[in-house]
Structure formats: C-alpha cells, structure tokens
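Subject: Structure handover

Dear colleague,

Here is the structure I said I would pass on. My notes on it follow below.

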Amino acid sequence: MATGVEVFDLVVIGAGPAGLSAAIEARRFGLSAVVLDEQRRVGGQIYRAIEESSPRRREVLGADYAAGAKLAQDFASCGAVHVGGAAVWNVDRDKTVSYLLDGGSRKVRGRSLVLASGAMERPFPVPGWTLPGVMGAGAAQILYKSSGAVPTEPVVLAGGGPLLFLLAQQYLEAGVKIKALIHTTRADDYLRAAPHVLGALRGWKDLSKGTRMLKKIRSHGVQTFAGASSFAIEGSEKAESIAFTHNGQRKRVETSLVLLHQGVVPNTQLSWSLRAEHRWDERQLCWIPITDAHGQIEETGIYIAGDSRGIVGAKASACQGRLAALSIANRLQPIAPGAFKQREQAILDEIRAHVQIRPFLDALYRPQNEHRIPEHDEVMVCRCEEVKAGQIRKYVEVGCLGPNQTKAFGRCGMGPCQGRLCGLTVTEIIASERKVCPQDVGYYRIRPPIKPITLGELASSE
C-alpha cells in the first residue's frame, strides 16, 4: 500500500448520475466516500452546471435536466467528499487513483472503486468534419449548459440520434434559428426497430417525449431532410456548406456552422487501462467492458456504472451507481441477506423499466456504415497526429492487424486524446479492410497517463 495516501471505503471517478448515486448509496450504509471529477462542480455531462443554472436555462433544457438539481442536493448533504477539478491520469488494480489538481499530482486509495466516466460523442469522420465551424451537437449543448452560450447565426444540425432532436428543440426554445435539420433516419431503420416496439411502448413516457420533440420542431417550420446520407462539409478554410444525398439527389445547404451527431458511446479509457476484458457490442457498435451483474470487473473490487458500462441513459445510470455501491457495502460489511436481496431486486426492477426503450432506440438510430467507416481516403481519422483513412488502409495492406500496430506505422492514437476520438474508427476501418469482426481486431492498449501530465506536475506528487 502506498504510504501517506488517504484511504476511503469507496473512491468514485465521475460526478454524473452514476457516480453521485454510488456515493449517496455508500454513505447510506456508513461507508466513507470520495468523488473525483474533472469538472469543478458536480453533474457530469448530462447535469453539467446544474447547481448554478438559471431558471430560464433549466426551462430551456427541460425537466430531465432540471431533475439533476435534486441529485446534486442529495449528494451535497450525504457527507461524501467531492474533489472537483481532478483529472485522473492513472488507476492501479490496487485501487490507487492518481489525479492532477491545481498543477500537482495527488493520490487517493479506495477499499473499493467505481468508474463512472460516462459517455462521449461517437466520432463522425466525414469529409470536412475537422473544418472550423464544425463541432459535435453534444459539445454545443455543453456550451449552453455551462454558460448559456448559443449560436448567433443560423445553424445546421446533421446526423441522427435522440440528442440531435433534443438539441434542436432546446435551441428553438432558446431562440436560435435552425437553418436545416438533416437526419439519417430512413424507412429501413423503422423496419429494423419494429421488433422492439413492444419494449418501447412499455417505456411509453420516454417514447412520448420523443414524439413531443418532433412535433415541436415541425411546429417551427424547420427545413427538415429525412433519410439523408453521404455527408460532406465543404469549404476551403472553414465550413461554408454541407452536402448530402436525399431521395437519390445530391443537395447542398449553405452554412458556416454545422453541428454533427450520431449518438454516444461508452468512455472506456479507464477500464481498458486496467486491462479489463471488453467485448464488441454489435447492437451499440462500440466496446463494452465485461462485468458481473453489479458492474464488478472480475473479483477486483473495481466496479463500472453508468454509460461507461454501456449506453443506458441518465436514470438507469443512477440506478447502476446505487447497485454497485450496494454490492460494495455488502462486501465490506455484510448486509442481512433478506434486506440485501430486497434492495437489490428493487434497483434491478428500476433499471429494467428505464432501459426497455433502449433496444428500439439502438435499432432506429443505428449509425450508417459510411458515417463510421470513411469511404474517402482523404478523411482525417486521427486528428491529433493527422492520420487519414487512406493511410490506415495502406497500413493494413502491408500487414497491420490492429490499432496498436497503427501507432508504429504512423503514430495513430498517440496524441493528447490518447485515441478517444479515433479509436472506434480505426478498429472499424481495419476490420472492414480485413473482412473480420471488430472483436478480432481489438482496440488500443491504453497506458497511463490517461490524461496528459507534465514532468513538473509528476514531480510535485504528494
């Protein structure tokens, strides 16, 4: 055990729904708990800046966002320690966590650990996606949550997934002019989702929210193109227009601001760094860590909860955080079997209720192959090291079998983001070229530091 390192019963990484709920549940059983998060204030991405958001901003963002205020209040009163502004750069299997704070590196150790690092936007590698004036819809939403910042010029939203429509509704409510909504949902997507309609109807509350969103967007007369494909952002120095195929014809909308989105995927950097086993999930088209029913990796005392374990949404993520903490409490100070089983079952029932709509959404908003696996060789894949799709294909031609080898061929995945923005794309390009499943290709071998750290910061370790 490291000397001079503060020890808690539970260390949580991430202050979103899963992380906060895990800490609250742990404190309910009398466990000491600390929550580390890169943001200064709690909330994660979904409830970002919830504690200081104005009534108007909460109104625009909607009831689902406003619900985060209660969670933040419950956390503030539960007695857990919150360390904001903490960028975790290493996690060891002995549950020692190293993090950066105020220019120095520090450590904390847990008798148990919950990774609740949430989700990130799926890469959208199409021609021109790296031009100034192009950003993710999720990033744009974060700007509004954090500071109320909205575009001052007409914006084009393009891609697919619930967040794209949610942001469109929020922008309209905030007075933003939407020049066009170009989404990818086609008739075949509805056919693919049809077998899951029964589950979606069981989650009718979530389904009705989606219906109201679409109605709101239509009521504002937003120019909408459905079933679009083959996106390309055009411009020499910055975005000037977006081109796409609609009803068999090539179309173009002039714009200097494009917000792209095609869903979110688990942020698995920490679980990969711990050498946890992962599987390729064909339904969500991403890597998912393998855990037991409570979220534990093997028999390590390290748990994963929330969207970093597989995309389930905010409500189910909160339940997973509680479930992990319940299991941890039972391991550290056994709970009466009857009481444990009763609480466990209640949480599992909540999770099932919240995820009933998920298979329907995954099928309906499944990203198109061409928007995940670039067809054009000139499309940038690794933004940090400026590696293009054609270069990766050439690597495969001369014997490259997986993402780790692309590092040797051309430094792909070795930039500051550590492969976050290119990892899925690189895996799928190689799998496509080799004509094998992504599971056979694998992912980058993630090593510390998970976040960039200077020698000065490392030398200042406490």
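Which backbone oxygen does the side chain of Ser-53 reach? The backbone oxygen of Ile-50, at 3.1 Å. Please keep in mind that this is a predicted model.

Ser-53

Ser-53 sits in the loop between strand 2 (33-37) and helix 2 (55-61). With a relative accessible area of 9%, Ser-53 falls under the 20% cut-off and so counts as buried. Its side chain also makes a polar contact of 2.8 Å with the side chain of Arg-58. Once neighbours within four places in sequence are set aside, Ser-53 is in contact with Arg-58 and Tyr-65.

Ser-273

Another serine, Ser-273, belongs to helix 10 (residues 269-273). Ser-273 is buried too, at 13% relative accessibility. The side chain of Ser-273 reaches the backbone oxygen of Leu-270 at 2.7 Å. Beyond four places in sequence, the residues in contact with Ser-273 are Ile-446 and Ile-450.

Strand 8 runs parallel to strand 15 (residues 258-262), and three bridges join them. Within this pair, Val-134 is opposite Val-258 of strand 15.

Nonpolar cores

How many residues does the largest nonpolar core have? It has 50, and Leu-36, Val-97 and Ile-392 are those with the most contacts inside it. Helix 17 (residues 423-434) supplies the largest share of this core, with five residues. For Ile-392, leaving out neighbours within four places in sequence, the contacts are Val-381, Val-387, Cys-412, Val-426, Ile-429 and Ile-430. There is also a second, separate core of 41 residues, which includes Ile-50, Val-60, Ala-329 and Phe-340. Ile-50 is also the residue whose backbone oxygen is reached by the side chain of Ser-53.

Helix 11 (residues 314-332) has 19 residues. From its first C-alpha to its last, helix 11 reaches 27 Å, close to the 27 Å expected at 1.5 Å a residue. Helix 11 is mostly covered, with 14 of its 19 residues buried.

Not counting residues up to four places away in sequence, Tyr-303 touches Leu-113, Val-114, Leu-115, His-294, Gly-295, Gln-296, Ala-324, Ser-327, Ile-328 and Arg-331. The C-alpha atoms of Tyr-303 and Gly-321 are separated by 9.1 Å, and these two residues are 18 apart along the chain.

Regards

Notes
Residues are numbered from 1 along each chain as its sequence is written. This is a predicted model: local features need pLDDT of at least 70, side-chain atom pairs count only at pLDDT 80 or more; totals for chains, interfaces and linings use all residues. Side-chain values use heavy atoms; hydrogens and water are left out. Two strands pair if DSSP finds at least two bridges between them. Helices (H or I, at least four residues) and strands (E, at least two) are DSSP runs, numbered from the N terminus. A nonpolar core is a set of buried Ala, Val, Leu, Ile, Met, Phe, Trp, Tyr and Cys residues joined through side-chain atoms within 4.5 Å. Buried means under 20% relative accessible area, exposed over 50%, partly exposed in between (1.4 Å probe, protein chains only). Contact means heavy atoms within 4.5 Å. A polar contact is a pair of N or O atoms within 3.5 Å; within protein, one must be able to donate a hydrogen and the other to accept it, and residues adjacent in sequence count only if both atoms are side-chain atoms. The expected span of a helix is 1.5 Å times one less than its number of residues.
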